[in-house]
Structure formats: C-alpha cells, structure tokens
Amino acid sequence: MITVAALERALASDPAWRPEALSDLDEREEFPADAVAALDRAGLPQAYVIAPDFDFPGLVQLARTVARRDLTVAIAHGKTFLGAASVWVAGTPEQTRALAARVSAGHPVCWALTERGHGSDLLAGEVTAVPDGDGWRLDGDKWLINNGSRARLGCVLARTGPGGGGRGFSLFLLDRDRLPEQAWRPSPKVRTHGIRGADISGFTLRGARVSAAELIGAPGAGVDIVMRALQLTRTVCAGLSLGAADHALALARRSVTASRFRDGPLAGLPYARRVLGRAAAIALTAEAVTVLAGRSAHVLPGELSVASAVTKAFVPTSVQRLLALVTELLGPDELAGPDGFEKLERDHRICAIFDGNTAVNRTALLAQMPRLGRFMRRGMTDATGLDAVAGPHATRSPLAPGRLTLLSATGCGPVQALAETVRLVREQGEPLLTGLAERTLVQAETLAADLDGFVPVSGGLPSAAFDLARRYERVYAAAACLLLWLHDPAARGGPPARAALWPRACLAHLLGLTDDPSYEALGAAAAAATRDRFSLLGGGV
C-alpha cells in the first residue's frame, strides 16, 4: 500500500497535477483524465483493495492527501473504493480475488445505488433484476452516479422482490466489458456547480443479463450489505473533507503571514490570530473524529455503525463552517487563481451529500439513540479497545468487513468512557483543559438524561430529535480529542503553555465558546508553523 509520503512525491513532480492545469480543466468542465492516470501510476488503486495488511486509517489519509490538492480528482478516483466496498463486505473469495485484480489494474468501479426522483431513498428503487435461466436480467435507469460513464464495473442495487422492502433488493457486480453495448448505455454527464469535471452521470440497463456469479451476497441482502459498506465509505469520505480543510488552512496561513497591515503582517493582529485559531480548532476537531473512527474500523468494528454516522454528519458540516470562517482572512490572491478558495469551496459542498447526506446520517444515529442513551447512563467501556483506538502506535487487528454490523451491540465506547477520560485529564494537572473537559462531561450527562425515554417515531422525526443527534456528535468529538491527547506523549511533552493548547481550543469550539483565549494562541502557532499541513498526525501542532 502506497504511503502518503510516496504519493505526495509522485504528485509534486507530475505536470498533470499543476494547479493551473487542474484549474483549466475545471473551467472547461473536462474530466481530469491525466491527473487520474497519475494516481494509477503512483499505485493508489492498490490501496483500495482490502487485503490482510490493509490499513484503513492509511486509506483515509491517502484520500485526504489527494483532496488537499484537488477535490474533483479525489472524488473521481476514490469512487472506485466506494464501488468495490460491497464486495469487500460480502463477496465470495472468488469475487474478491477477481475484483482485486481489476481494481489494482486501475479499472474504475461505480456504485449504482441512486435513481432519478428517489434521492437517498434506496427502498424506492425501480431498477429490477429478475431470474433469467441460471442468471438474472437487469433493467432500469441509474442516475447521478459518479463514474457512471467511465466505469468498467458497476455495483448495482436492484429490486429483486416485487414488493421491495428491506429484503427486496439485491446487489450485482456488472462487468460492462462483458455486456452488449446496448445493455449498458451511459447517460449524459450532468452539469454541476462544484466538481465540474467529474463524471456525474448515469446509465440505462436494458436486458443486461448476468450470471449467478455476479450476485453479491444472498438474494434480498442488498440493502443490508450497502448499509454495512457505507460504514467504510462514509469514513473515507471524511478524509476528503479533511483535505479541503488542509487546503483552506494553508491559504489562510499564507494570507495572514504574507498580507501586510500597517507595519507588520496580518498575523500580528489579535483578531486575525483568533479567526485563524478558531479555523484550526475546527479542522483539528474534525481530524480527531475521523482518526478515531478510522481506527475503530479495525478495533471496534461492531461500533462503526455509530462512529461512521457521527463522522459523516459531523466532519463535512464542520469543514463547511471552517470554509465560511476563513474567508475573513483571505485576500484576492487566495480567493481566485488556479489554487484559490473559490473552486475549493464549491467543490466541497458535495462532500456533505454523497454516501448519505447529513440528515440521513443523523437519522441513522437516532435509530440507535435509545440504546446509546442506556449505554451512556451505564458507562459501559472497553478499556483495551479504547487504548488500541487512541494510541498512535497500538497494534490493531486486520480489518474484517464481515464483522461490521447494522446496529452496535456495545454502543459507542469513546462516549461511554467520557467520565473516566475526564478523570485521567484531571490527573494531568492541566487546569484549563480540565475545566473545559468537566463542562463537556456535564453536557454529556444532560444528554444521557434527555435520552431517557426517547423513542424514534416512524413517519418522520421532529427537529428536536435531530438536535439530540448533533449533541451526541459533539460529545463524541470531545471524547476523540481528549483520548488522542491523553494517548500521545508528544502532545503533552511541550512547554506548559502549549502542552494542552490544541485540545483546549477544540473543546472550546465544541462548547460554543467564541472568545476563548486558546484560539489566539493556536492561531499564532498555526501562523508560525513551518510545515505545509497543520495536523495532529505529525503536522506541526
């Protein structure tokens, strides 16, 4: 599996990845074929194959690395992992071996779930698959499919039960090269506000006959498999948002250090440092959530249904707020130009939509909320598992997608361990961080009490219910920040004034404290950082 450092070296020297070249393609709304080919040559497709040595957090960071340079290319290329995920979850050994060879060779795969007029409602799908001899025949239209025209393989969700429902859909892996041309007809590319060059299109299946070997999992298990695969894909999608945050922070840092105000740089103004610090706190909080969820896929796979829903709801919306905030710091050079903010901002808007929008993920979280509330009140924890999730060098089990479950039988360990986590923070002797952590614990205890008696209702949820989900996300985010800080000696070994700076700023952000003094200090640290990235993972924090 290629490393982040190797990927960065490959892209830095490739002319297809010059910002000017990518900007020109965006202006022409042209697919970035050369940039995609450069990722293939670098070996990124092999990182999409789940093998015994597969590193899921490493894949998230690879997606982040590409997205930091261009979200359009990251989304176009990364779709192959999304399209293949269902096979990694439920495919036979023969299916996984065959798909691994195709993916490693750079053959794009699409995930054909959605249809025109149905949006995120997969149970309303009208594409059908009916038995045909010893195989199946598929008919219907899939629409708003990333790589719908370019893909050589498509993972297609189709209705196999006339009445539909949770057991009325199945998944099929279609090989376009084995079908007659008229059986898979691409539909025109849809013009989009962001990711203009991406192949957002679809295709029509007419009499597409496939063998029984193309069925993924059991008949009727399609929705179950998709929901488990989404736990992986939603977490990878958060890596795209982190890349956007990296890009935006780099622009803001460049602006405050290069722009002049009277006799000094803009970074000399307390207001500019506070804004930059708040933006950095948002980015680091989103990163902490994503890091913890990515490691949980290996260590706590039974809880990923919770962690992935939290991550996909929290991270893109947080980064969108970051993008709005940093506009206060950007000058004309950062707003426009080939590597500017304008393209980044409109490209990122799609990240909150695909693989389940924010409301869909919060609805999924609310479906488990009664159980999560009970576990919060009991304080059930897996100390060994949490150590493995939070420790930067902990040994983690190989990823086993088959162990993913639709519902968590143990709740969410980081949230349920918050009281113990706060006790450990108190022992570190950091009074400012301890005060913020204790306020967070009070909010968590209030949430647990408010969840007592909560019952999700069918036919729609009131807005107050979605506020419960948002509150749970913030508690998870705070727990992630504290756990990562506690388990990283390097984060606690600096000068006393800096030792707990980043978690203080992150918790202040989560508590809604807009004028906390930690922002200005974090902004000064970000402005003075010498590395390209300001990140928890060896990026100058």
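Which residues line the second largest cavity?

1. The second largest cavity is lined by Leu 22, Leu 25, Asp 26, Glu 30, Pro 32, Asp 70, Thr 72, Val 73, Arg 196, Gly 197 and Lys 343, where lining residues have an atom within 4 Å of a point, and a cavity is a set of points, on a 1 Å grid over the protein atoms alone, where a 1.4 Å probe fits but cannot get out. The model is predicted, with local features needing pLDDT of at least 70 and side-chain atom pairs counting only at pLDDT 80 or more, while totals for chains, interfaces and linings use all residues. Residues are numbered from 1 along each chain as its sequence is written, and side-chain values use heavy atoms, with hydrogens and water left out.

2. H2 and helix H5 (71–90) each give two or more residues to the lining of the second largest cavity, and H2 provides the largest share, 3 residues; helices are DSSP runs (H or I, at least four residues) numbered from the N terminus. The volume of this cavity is about 60 Å³, a volume being the space filled by probe spheres set on the points, which are joined across faces, edges and corners.

3. At least two residues of the lining of the largest cavity come from each of helix H2 (19–28), helix H4 (56–69) and helix H11 (341–348).

Key:
1 Å grid on protein atoms, 1.4 Å probe; cavity = no way out; pocket = protein on both sides within 12 Å on 5 of 7 lines; lining within 4 Å.
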